[in-house]
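Welcome! Please take a moment to look over the sequence and the 3D view before reading on.

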Amino acid sequence: MEKHLLLTVSEKLGSIYSVRFAGQFFSNKKDLKLALLYIAPKPVAVWEEEITHESTLQVEKQAKLYEKKGQAALEAAKKELLKVGFDHKQIHTKLQIRKFSKVMDIIQEGEKKGLYEAVVLGPRGLSWLERAFDYSVSRSLLEKKANFPIWLCRKPDVDRTNVLLCVDGSKAALRMADHVSFVLSQEQKHGVTVLLIKKKGAPLKKSEDSIFSSTKEMLTRNGYPESMISTKMVEASDVTKAILREAVQGLYAVVGVGRTGAGQGRIRKLFMGSVSDSLFHELEGAALWICH
């Protein structure tokens, strides 16, 4: 079954991290389709009373410059993917002029129904998300729930393997398990460790056996082999630090979490929750996958 990923690209070198991660993570690339998205700035607006032949030429010149930068960035990203075994037919490039903010345009593209399994962001994309907290955007846009998983690739180590799937019995964690199993359904390179962290002094809402059983059921639903699934329970006072420690010790390529951002704006809902918020800022070496 084909899997479609949306990779954001910029002219900054850091955006290549998301491309390299996607290229190195998958050993079986034949079922992947990759869309590379570059969002170009809007040319500076000119007031109607200021429109002249010279100002019109300047706007056209600026637009062509932005397009040239965008095409160069898309070509550089495409070359990286071709180097690691993708075929030209698997890669689609898209350059568009910014409509709202870069992050809102990414959200709108990512929400096209049934088109993408995940949106993949490198360090540049992460900085757009961070700055987006200060943007004043229409409440109707902010409050709409995003419907796609997001992969955050701040600076992943492409030599790592396997997925650390963090669970707590929530629906969001089960959706992440479903996402992981679908992405890895034709992938024999990566095993999955299901990690349950019991916070000291706080009882689990569901039993350990129940959480592990439902997660395994979700993982195997898409054909992921049970033999490649392991489970681990850790007791810790700080959930985030425990996850970070496990990620480092196990040299995991991916840390997958479900997020709970109820009552927050649309942009924060993309990846915010008490644990996913901290992982967003602190996780290094592994990509962070987040499902609502």
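What follows is a short tour of a few strands and helices. Keep in mind that this is a predicted model.

**A strand with two partners**

Let us begin with strand β9, which spans residues 252-258. Six of its seven residues are buried, so the rest of the structure largely encloses this strand. Strand β9 also has neighbours to pair with: β6 (residues 161-167) runs parallel to β9, and β10 (residues 287-291) runs parallel to β9 as well. The table sets out the two pairings.

**An enclosed helix**

How many of the nine residues of helix α3 are buried? The count is eight, so this helix, made of residues 102-110, is largely enclosed by the rest of the structure. Among the buried residues are K102, D105 and E109, along with V103, M104 and I106. I107 and G110 belong to the buried group too.

**A lysine in helix α2**

Our last stop is K69, a residue of helix α2 (residues 53-83). Is K69 buried or partly exposed? Its relative accessibility is 41%, so K69 counts as partly exposed. K69 and Y38 lie 31 residues apart along the chain, and their C-alpha atoms are separated by 9.5 Å.

Conventions:
Residues numbered from 1 in each chain as written. Predicted model: local features only at pLDDT ≥ 70, side-chain atom pairs only at ≥ 80, totals over all residues. Heavy atoms only, no water. Buried < 20%, exposed > 50% of the residue type's maximum accessible area, 1.4 Å probe, protein only. Helix = DSSP H or I, 4+ residues; strand = E, 2+ residues; numbered from the N terminus. Pairing = 2+ DSSP bridges.
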